[in-house]
Amino acid sequence: MSDLSEFFVEVADALVDDYDLVDFLHELTEKAAAVSGASAVGLVLADHRDQVRFMAANSESGELLELFQIQAEEGPCRDCLVTGEPVVNADLAHAGDRWPRFAPQARALGFQSVHAFPMRLRSTVIGALNLFGTEDAKFEADEVRVVQALADVATIAILHERNLVQAEFITEQLQGALNSRVIIEQAKGALSHADAISTSEAFDLLRSRARSTRTPLVAVARGVLADLEQVGGSA
């Protein structure tokens, strides 16, 4: 349990600093295996087209099991993604009817039990954390809560990363808009001075030209500044 506490401290530190999301999720699968006793742990995500993608695993077996589920289009992670509910204490020896393609493949690798936990934000499920055992191990209620907490931490990390990317995109958009506004203001002033009109009238002229030529306003402003500079230079 001390290892788990240390991991949550590391998570808190990571989320306020730069971190490698892929490496973080691989480490999470290793921690999930350590605290649960699972022999293999894998993590899958749903992309923007709702296609299931392998993301991380603590071992080659974990990766194979996830790829089996994706290929077979069935398994505990699929159920988790569809229902948003955990799959707990599933006995693979009696799961042939539930997962006719996946269960035999998992058993052929020596696995007997499986548990899957949804990675969700409210009603949106973005992935699943899957734990596989070589024995028919049963999770108690407190163990279920701990592993679900790890799945929730993974969700927070992924959404945090997405928000950072989105925030950077929004910041770039905002800065671009501010830079464009500066150029437009410069063009307004220059046109107002050159034509002896008000800045409001100059702005109307810029807008009119932009609309008539279907050109971005900032591009028209740059053109006006270039033309006026050329006239001024030749005068």
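Is F117 buried or exposed? The model is predicted, and in it F117 has a relative accessible area of 0%. The cut-off for buried is under 20%, so F117 is buried.

**Aromatic pairs**

The model holds 4 aromatic pairs. A pair of aromatic rings is described by the distance of the centres and the angle of the planes. Two of the pairs are set out here.

| Pair | Centre to centre | Angle between planes | Type |
|---|---|---|---|
| F111 and F132 | 6.2 Å | 65 degrees | edge-to-face |
| F117 and F139 | 6.5 Å | 20 degrees | stacked |

Take F111 and F132 from the table. F111 lies in the loop between α5 (102–108) and β4 (113–121). F132 lies in strand β5 (residues 124–133).

Now take F117 and F139. Their planes stand at 20 degrees, so the pair counts as stacked. F117 is in strand β4, while F139 is in the loop between β5 and α6 (141–195). This pair also links distant parts of the chain, 22 residues apart. F139 is buried too, with a relative accessible area of 9%.

Which residues form one aromatic cluster? They are W99, F102, F111 and F132. F203 has a charge over its ring: the charged end of K188 sits there, 5.2 Å from the ring centre.

**Q69 and its surroundings**

Q69 is found in helix α3, which covers residues 60–72. Its relative accessibility is 0%, so Q69 counts as buried. A polar atom of the Q69 side chain lies 2.9 Å from the backbone nitrogen of C77.

What else is Q69 in contact with, leaving aside its neighbours within four places in sequence? The list includes E74, G75, P76 and R78. F102, N130 and F132 are on it as well. Of these, F102 and F132 belong to the aromatic cluster.

**Where two helices meet**

Two packed helices are described by the angle between their axes and the distance between the axes. The axes of α3 and helix α4 (residues 76–83) come within 8 Å. They cross at roughly 65 degrees. From α3, the contact is made by E66, Q69 and I70. From α4, P76, C77 and R78 take part. By class, the contact has 3 nonpolar, 1 polar and 2 charged residues.

Conventions: Residues numbered from 1 in each chain as written. Predicted model: local features only at pLDDT ≥ 70, side-chain atom pairs only at ≥ 80, totals over all residues. Heavy atoms only, no water. Helix = DSSP H or I, 4+ residues; strand = E, 2+ residues; numbered from the N terminus. Buried < 20%, exposed > 50% of the residue type's maximum accessible area, 1.4 Å probe, protein only. Polar contact = N/O pair within 3.5 Å; in protein donor to acceptor, adjacent residues only side chain to side chain. Contact = heavy atoms within 4.5 Å. Axes fitted to C-alpha atoms, helices over the stretch in contact; angles between N-to-C directions. Nonpolar A, V, L, I, M, F, W, Y, C, P; charged D, E, K, R; others polar. Phe/Tyr/Trp six-rings, centres within 6.5 Å; stacked < 30°, edge-to-face > 60°. Lys NZ or Arg CZ within 6 Å of the ring centre and 35° of its normal.
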